Amino acid sequence: MDTRTGGARPGAGSAADGMTERPRSGRTDAVGALVLAGCAVWSLIAAAGRPARPEGVLLAVLAVAAGYAAGRIGGALRPVAVPAVAALTAVVLVVAPPGRLSGGPDTPPLGYANADAALMVLATGAACCAAWSARSRPLRVGLRLLGAAAAGFALAVGSAAGFAACLGVVLCSLAADRMRRALGLAGLALALVVAVGGTCAVAVDALPPGLSASLSGQLTPARVRLWHDALETAREHPVRGIGPGRFAEAGAGTAPSAAGAGAPRSAPLQLAAEQGVPGVALLAASCVWLLWALQRSPRPAPVVLTAAAALTGLAMQSAVDHVLGYPVVTAGAGLLAGLATSRPISAAPDHGADHP
């Protein structure tokens, strides 16, 4: 290929990769619906005959589904405006309340700094996705500055992990037009597997002593004890777990925080303890389905990889903290996934929309 015509402008190859050879199949959406339905049904099965509370899981599933539907619709109608407004709204919600950046506990909107930072990760991803879809260079620059500002606010509210995730999203977005879609998604999937595996390794003290002591100190011993208790609970109840919402009542997590409410502070470990191996398998199936949907998305590769980076950052946060217990966060994740897998109505004439 003549690089002057096919590769001189960043994103040209990626846009072609994302728009021409990936016709959408209804099977992708059908599989996603089945996976979400399976998550809801299994939570009810795990709760059957026990004083369990599956409402939290059902609400999370509903929030993801609603956000995904909104993202698909918004991305089809306004692929620039909808993610831009979503990102700006999240930033305003986190920053605008009086005293929000004071560092005090229980500050709005979510009352937990790491959950607010999770919103900033999603806002960074949405802003950068909008930037890749914008035609105007000033608008692209402004949207990327909004994403960078969201990263700064994640640090300002007191979440170093959230800031690192936001920074990773910005860097991945800037490099996305030079990366093959499948390779980028595979790398992000590997990073998530390493994060979850590391969480389990810390929980069972399987790491070298020096590294284990260092990580335990940064994560706090109380959190590591919760992870260990969750794994022990999962070993004792591998099929149905102990029931949704019963981890604290089972005696684990004797000093629950207001933010964590006695949860294991890790989404995969909480599912393992409360819903057994099938619950974890359904969570893994959700991640695999999302990667498949992103791989088959009709959106340009930079948009897909930017959204995938933000969703991976959120997933890595959820592996070490209680951030998916907030419906607004799960709805935001669904919204970003829907935006990244939508087919803009003006897709045909917009092939060059994401060229800088």
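Asp205 is found in the loop between α9 and α10, and its phi is positive, about 55°, although the residue is not a glycine. The protein has 14 helices and zero strands, where helices (H or I, at least four residues) and strands (E, at least two) are DSSP runs numbered from the N terminus. Of the 356 residues in the protein, 48% are buried.

The model is predicted, and local features need pLDDT of at least 70, side-chain atom pairs count only at pLDDT 80 or more, and totals for chains, interfaces and linings use all residues. Residues are numbered from 1 along each chain as its sequence is written, and side-chain values use heavy atoms, with hydrogens and water left out.

**Overall contacts**

- Contact means heavy atoms within 4.5 Å.
- Among contacts between residues at least 6 apart in sequence, 80% join residues at least 24 apart.

**Helix packing: α9 with α11**

- The axes of α9 (residues 181–203) and α11 (residues 221–236) come within 8 Å and cross at roughly 90°; axes are lines fitted to C-alpha atoms, for helices over the stretch in contact, and angles run from 0 to 180 degrees between N-to-C directions.
- α9 and α11 are therefore roughly perpendicular to each other, on a scale where angles under 35 degrees count as roughly parallel, over 145 as roughly antiparallel, 65 to 115 as roughly perpendicular and the rest as oblique.
- Thr199, Cys200, Val202 and Ala203 of α9 make this contact with Val224, Trp227, His228 and Leu231 of α11.
- The residues of the contact of α9 with α11 comprise six nonpolar, two polar and no charged; Ala, Val, Leu, Ile, Met, Phe, Trp, Tyr, Cys and Pro count as nonpolar, Asp, Glu, Lys and Arg as charged, and the others, Gly among them, as polar.

**Helix packing: α12 with α13**

- The axes of α12 (residues 267–295) and α13 come within 12 Å and cross at roughly 175°.
- That angle makes α12 roughly antiparallel to α13.
- On the α12 side, Ala267, Pro268, Leu290 and Leu294 meet Val304, Ala308, Leu311, Ser318 and Ala319 in α13.

**Individual residues**

- Gln275 lies in helix α12 and counts as buried, because its relative accessibility is 3%.
- Leaving aside neighbours within four places in sequence, Gln275 is in contact with Trp42, Ser43, Ala46, Val57, Val239, Arg240, Gly241, Pro244 and Gln270.
- Thr220 is placed in the loop between α10 and α11, and its phi is near 80°, a positive value in a residue other than glycine.
- With 35% relative accessibility, Thr220 counts as partly exposed.
- Val82 is placed in helix α5 (residues 81–95) and, at 25% relative accessibility, counts as partly exposed.
- Gly71 and Val82 are 11 residues apart in sequence and 8.1 Å apart in space, C-alpha to C-alpha.
- Apart from its neighbours within four places in sequence, Val82 is in contact with Gly74 and Leu339.

**Second largest pocket**

- A pocket is, on a 1 Å grid over the protein atoms alone, an open set of points with protein on both sides within 12 Å along at least five of seven lines, whereas a cavity is a set where a 1.4 Å probe fits but cannot get out; lining residues have an atom within 4 Å of a point.
- The second largest pocket holds about 760 Å³ of space, a volume being the space filled by probe spheres set on the points, with grid points joined across faces, edges and corners.
- Its lining has 30 residues, of which Ala161, Leu219, Met316, Gln317 and Val320 lie nearest the centre of the pocket.
- α8 (160–175), α9, α10 (209–219), α11 and α13 (301–320) each supply at least two residues of this lining.
- The lining of the second largest pocket divides into 17 nonpolar, 11 polar and two charged residues.

**Largest cavity**

- A search of the whole structure finds one cavity of 30 Å³ or more, and the largest cavity has a volume of about 40 Å³.
- The largest cavity is lined by Pro79, Pro83, Cys129, Ala130, Ser133, Arg299, Val303, Leu339 and Ala340.
- α6 (113–133) and α14 (327–341) each supply at least two residues of that lining, and the largest share, three residues, comes from α6.
- By class, the lining of the largest cavity has seven nonpolar, one polar and one charged residues.

Notes
Buried means under 20% relative accessible area, exposed over 50%, partly exposed in between (1.4 Å probe, protein chains only).
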